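Dear colleague,

Please find below the structure that I am handing over to you. My notes on it follow directly after it, and I would ask you to read them with the structure open.

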Amino acid sequence: MSQDFDVIIVGTGAGGGTLAHTLAATGKRILLLERGTFLTREAANWDPGPVFVDGRYISSDTWYDGDGTPFQPQVHYFVGGATKLYGAALYRLRPQDFGELRHADGISPAWPVGYDEFELWYTKAEWLYQVHGTHGTDPTEGSWSRQYPWPPVSHEPRVQQISDALEQGGYHPFPAPCGILLNEADRAASECIRCATCDGYPCLVHAKADADIIAVRPLLGLPNVTLLTGAEVVRLETDPAARTVTGVVVDRGGGEGSGGEGKREIYHGDIVVLAAGAANTAKILLRSASDACPNGLANGSDQVGRNYMYHNSKAVVALGEEPNTTVFQKTLAINDFYFAGDGREWPLGQIQMLGKSNAMAMKGEEPHLTKLAPHWSLDEVARHAVDFWLTTEDLPKPDNRVTVDRDGNIHLAYTDTNNSEAAALYGEFRKMLNHIGMAAHHVLHKNFYMSMNVPIAGVAHQAGTCRFGADPATSVLDANCKAHEVDNLYVADTSIFPSIGAVNPALTAIANAIRVGEHIAERLGVSAGAAAWAPAPRQAPPGAPASAPTAPSGGGRS
Ligand SMILES: Cc1cc2nc3c(=O)[nH]c(=O)nc-3n(C[C@H](O)[C@H](O)[C@H](O)COP(=O)(O)OP(=O)(O)OC[C@H]3O[C@@H](n4cnc5c(N)ncnc54)[C@H](O)[C@@H]3O)c2cc1C
């Protein structure tokens, strides 16, 4: 196999997978390097025991908190990255999120591009990931140039009841945008909807619009695209001045479960793009230190790894007398408290519905939950539960940061921000519950749905470690997401976020990856064409081998 490529992309998740999809039509030689493997389709995909209790799809990585205490982070190393497990709630940031916003704990800084400029790529992202929704129903949303490709997923009766009651109470619920391939879901019978947008489940029937299914798999037969799995990038080599990346050093087969370091290989790309997720992208840059850049590559500003954000979130179970038989629950959201105003001093954030909980996933919360409803067993509690997710913006703080120790381990120092805003959002939520007849409720641990008891381990929404900006003194990347200090190095994952807003991050990462991909195509003198607009090719029916990859080699757990 050739070691030389036009573009090397590290990571196949929301950022890397989408970027590859954008560039594939250019005909340029693209190498995708992914440390994980394809996630195995197996009965356990849908089983809350292995998924939530055993953490079957969570990496066995050990990271360390600011005090040096080890923890297992909620990271997922597969083709498709975290999107294999995500809830596919695909929101745009609000236009105001692209500007500077004042918060209780400080400033949420502006992005170097505005919403109006970004809007085109949001639209492309929504069409590529086949989002179901209705623009024009959320009073806080920005302008849009094209309606979603598909109408919203209908509310099931209990959610419709809640939506109606909220409207009667003067609230503005709207249909949540969902990335789901309903044709595939229909083909596999309605049961598959159970996992298609439930957070934390892989989709056994491939009906979730994740980066594997939408962006990477359709490229597998192309002669100009090579995917290596079990290929962990450990560092980048550069010219003596650290201005050009000259080699991408890969550990093959030394991944999880392989019992040690594998074979080292070095690949060369005219352009190298890191999209390994916010913590791992920072790790690669920090481990690429050399005499010319002793603090890490592209890190003259000392910003690499800093400004880590991950949302100040709460999962809340609300209990009512009415049973909740909903299967597909993530169809409703409310942004009424997103901004300051109407008597609120600060922006508070978003309320959305979570995937439907079940007794198995609630096990750790049993004593609290059954105390709320002593006449019910845990199964009964689960049958009546309605699940919500409250998100408040987290602010970029320089001391919230990723560092790497001598052995290459990730250390994550983190202190919460905007706790008073999160508390106020919960207060608004409680008032709101009164309108839907569900006063009894319980705040679950933030990571309950992944059965984790270390808050910092909930890195699902990690972002901000290589922010983009106009000033090389305060940012790592320029407005095109090219490293200020390196001529051929880009970053295209959630690392680039200068601020995170209070909506889920994936659609913004996807839109930005299309944007960066088009810029790189232009730099290479070719056009990315309409690739990103085209709806993803339909996948083969469940179980059919047509588009299924051959078993990948190397490490990675699945
Ligand atoms: C349970 C869960 C639910 C979520 N729900 C939602 C949701 O509903 N909506 C939403 O918007 N967001 C959601 N998210 C977050 C969303 O999935 C992430 O924001 C998004 O995937 C981030 O994209 P990324 O490209 O930065 O990283 P990822 O998608 O994680 O991709 C990083 C990739 O890099 C690979 N990699 C890492 N290190 C290396 C290395 N050294 N060498 C080679 N490859 C490497 C990883 O294996 C992975 O494939 C959820 C996340 C989780 C875990």
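A residue is called buried if its relative accessible area is under 20%, exposed if it is over 50%, and partly exposed in between, with a 1.4 Å probe and the protein chains only. Ala242, with a relative accessible area of 6%, is therefore buried.

Two remarks on the source come first. The model is predicted, and local features need pLDDT of at least 70, side-chain atom pairs count only at pLDDT 80 or more, while totals for chains, interfaces and linings use all residues. Residues are numbered from 1 along each chain as its sequence is written, and side-chain values use heavy atoms, with hydrogens and water left out.

Helices and strands are named below by their DSSP runs, numbered from the N terminus (helices are H or I with at least four residues, strands are E with at least two).

The ligand and its surroundings

Which residues come nearest to the ligand? There are 40 residues around the ligand, and Gly15, Glu34, Ala89, Val233 and Ala506 come nearest. A residue counts as near if one of its heavy atoms lies within 4 Å of the molecule or strand in question.

The residues of this shell divide into 19 nonpolar, 15 polar and six charged. In this division Ala, Val, Leu, Ile, Met, Phe, Trp, Tyr, Cys and Pro are nonpolar, Asp, Glu, Lys and Arg are charged, and the others, Gly among them, are polar. At least two residues of the shell come from each of α1 (14–24), β11 (231–238) and α8 (278–286). With three residues, β11 gives the most to the shell.

A polar backbone atom of Ala506 is 2.8 Å from an oxygen atom of the ligand. For Thr494, a backbone N or O atom lies 3.1 Å from a ligand oxygen atom, and for Gly81 the corresponding distance from a backbone N or O atom is 3.3 Å. Taken alone, the ligand exposes 1,000 Å², and the protein buries 97% of that. These areas come from the Shrake-Rupley method with a 1.4 Å probe, and for residues only the protein chains shown count as cover.

Helix α8

Is α8 enclosed or open? Nine of the nine residues of α8 are buried, so this helix is largely enclosed by the rest of the structure. Among them are Ala278, Asn280, Lys283 and Leu286.

Two residues with positive phi

His311 is found in the loop between α8 and β14 (312–319). Its phi is near 80°, a positive value in a residue other than glycine. At 0% relative accessibility, His311 counts as buried.

Asn418 lies in the loop between β19 (410–413) and α12 (419–435). Phi of Asn418 is near 55°, again positive in a residue other than glycine. Asn418 has 0% relative accessibility and so counts as buried.

Residues apart in sequence

Ala242 and Asp291 are 49 residues apart in sequence, and their C-alpha atoms are 8.8 Å apart in space.

Cys178 lies in strand β9 (residues 178–179) and, at 2% relative accessibility, counts as buried. From Cys178 to Tyr91 there are 87 residues in sequence and 8.5 Å in space, C-alpha to C-alpha.

Ser475 is found in the loop between β20 (440–444) and β21 (489–491). Ser475 is buried, with a relative accessible area of 3%. Ser475 and Val304 are 171 residues apart in sequence and 8.3 Å apart in space, C-alpha to C-alpha.

Leu507 has its place in helix α13 (residues 506–523) and is buried, with a relative accessible area of 0%. How far apart are Leu507 and Thr123 in sequence and in space? They are 384 residues apart in sequence and 9.9 Å apart in space, C-alpha to C-alpha.

With kind regards

Definitions and conventions. A polar contact is a pair of N or O atoms within 3.5 Å; within protein, one must be able to donate a hydrogen and the other to accept it, and residues adjacent in sequence count only if both atoms are side-chain atoms.
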